[in-house]
Amino acid sequence: MKFGIDSGHNCPPDTGARGIKFEDNLTLDVANRVIAKLRALGNEVVVCKPSSASTVRDSLSKRCSTANASRVDIFVSIHFNAFNRQANGTEVFATSDTGRKIAKPVLDEIVKLGFFNRGVKSGSHLYVLKNTDMPAILVEGCFIDSQKDMNLYNPEAMANAIVKGLTGKASSVPVNPVQDEEDNVDATILRLQKSLNRLKITDRNGKALVEDGFTGANTKSAVEKFQTIIGVQATEIADSTTWNAINIILAKRILRPKHAGGVVVRYLQYRLGLENDGIYGPQTEIAVKNFQKQNGLDADGIVGPVSWQKFIG
């Protein structure tokens, strides 16, 4: 059997939910175990998580493209839920009769671990289930913001249950775990810190961030500052809107006078010490030309590759 295994999220700006645990860490840990166990049972496995993506949609599209191009027999996307700290249990999504037949034994095996059975549900709204050519399921292992579920949760047991549900066989092959966020450098946070430092967004003390991969007060304050600059709700959490803005700015799009560039212009105005309204008007043009003169560039008011090199390298 040829399986396509997708560890949900884990591809900024496509990042998972946060609760008592961080979804990205759990999906990667369980998926790695599932992959190793399926292979140990003689199955072929295609890893469908992309290494990079420009948007969340791009991340989802790449997962489907990998599965479709590899002609896998079954696609499995592994996720964890978060809601209101009260909801708990396991649910598995599918879109076809064949998918539902695959989903039910997986759900049954996970429920045996003690989780509440939330049922096999329609996944007609889920991108990765709608855009894969083969039978596909999406597993929501349990709720990461439920203390009840987190007390039950064990990544090895969860992986064994998924594999048993998919194959009818058990595998006890040892797997090196992915550690929880508090014990391991979070690659998403590390990339966030590197990006904010590149954009010259300092913490609340006006200092560059320590690139350690851990979410602390300084990183949160820098995220809040960046969100204020680009004109979105300041939550201190780098959500998809924040990541999209970071990626758009780092793409170094050419800006010209009278350009209504939104977040990119707002960021540029911040760097120039102007009121950041997101519109490239006369004041912004004058400031850009002065910046270009000071840096030995052609003072044409066009923020192109050479000017961006001076701003963010």
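This report walks through selected helices, aromatic pairs and cysteines of one predicted model.

## Ground rules

The model is predicted, so local features need pLDDT of at least 70 and side-chain atom pairs count only at pLDDT 80 or more, while totals for chains, interfaces and linings use all residues. Residues are numbered from 1 along each chain as its sequence is written, and side-chain values use heavy atoms, with hydrogens and water left out.

Helices (H or I, at least four residues) and strands (E, at least two) are DSSP runs, numbered from the N terminus. Buried means under 20% relative accessible area, exposed over 50%, and partly exposed in between (1.4 Å probe, protein chains only).

## Helix H11

Helix H11 covers residues 282–294. Its 13 residues should span 18 Å at 1.5 Å a residue, and the end C-alpha atoms are 18 Å apart, which agrees. The expected span is 1.5 Å times one less than the number of residues.

The buried residues of H11 are Thr284, Ala287, Val288, Phe291 and Gln292. Down the helix axis they fall within an arc of 140°, so they line one face. That arc is taken from the directions from the axis to the C-beta atoms. An α-helix has 3.6 residues a turn, so residues three or four places apart point the same way. The face turned away from the buried side carries exposed Pro282, Gln283, Ile286, Lys293 and Gln294. The buried residues pack against helix H10 (263–271) and H12. Just after H11, Gly296 takes a positive phi of about 70°.

## Helix H12

Helix H12 spans residues 305–312 and includes Ser307. Ser307 is buried, with a relative accessible area of 6%. Its side chain makes a polar contact with the side chain of Gln292 at 3.1 Å. A polar contact is a pair of N or O atoms within 3.5 Å; within protein, one must be able to donate a hydrogen and the other to accept it, and residues adjacent in sequence count only if both atoms are side-chain atoms. Not counting residues up to four places away in sequence, Ser307 touches Phe291, Gln292, Leu297 and Ile302. Contact means heavy atoms within 4.5 Å.

Pro305 also sits in H12. Pro305 is exposed, at 58% relative accessible area.

## Aromatic pairs

The whole structure holds three aromatic pairs. Rings of Phe, Tyr and Trp (its six-membered ring) pair if their centres lie within 6.5 Å; planes under 30 degrees apart count as stacked, over 60 as edge-to-face and the rest as tilted. Phe80 and Tyr153 have ring centres 5.5 Å apart and planes at 85°, so this pair is edge-to-face. Phe80 lies in strand E3 and Tyr153 in the loop between helix H5 (147–152) and H6, so the pair ties together parts 73 residues apart in sequence. Phe80 is buried at 3%, and Tyr153 is buried at 14%.

Phe291 and Phe311 form a stacked pair, 4.1 Å centre to centre with 10° between the planes. Phe291 lies in H11 and Phe311 in H12, so the pair ties together parts 20 residues apart in sequence. Phe291 is buried at 15%, and Phe311 at 2%. Phe291, Trp308 and Phe311 form one aromatic cluster.

## Cysteines

How many disulfides are there? The count is zero, where a disulfide is a pair of cysteine sulfur atoms within 2.5 Å. For Cys48, the nearest cysteine sulfur is that of Cys64, 8.6 Å away. Cys48 is buried at 1% relative accessibility, and Cys64 is buried at 3%.
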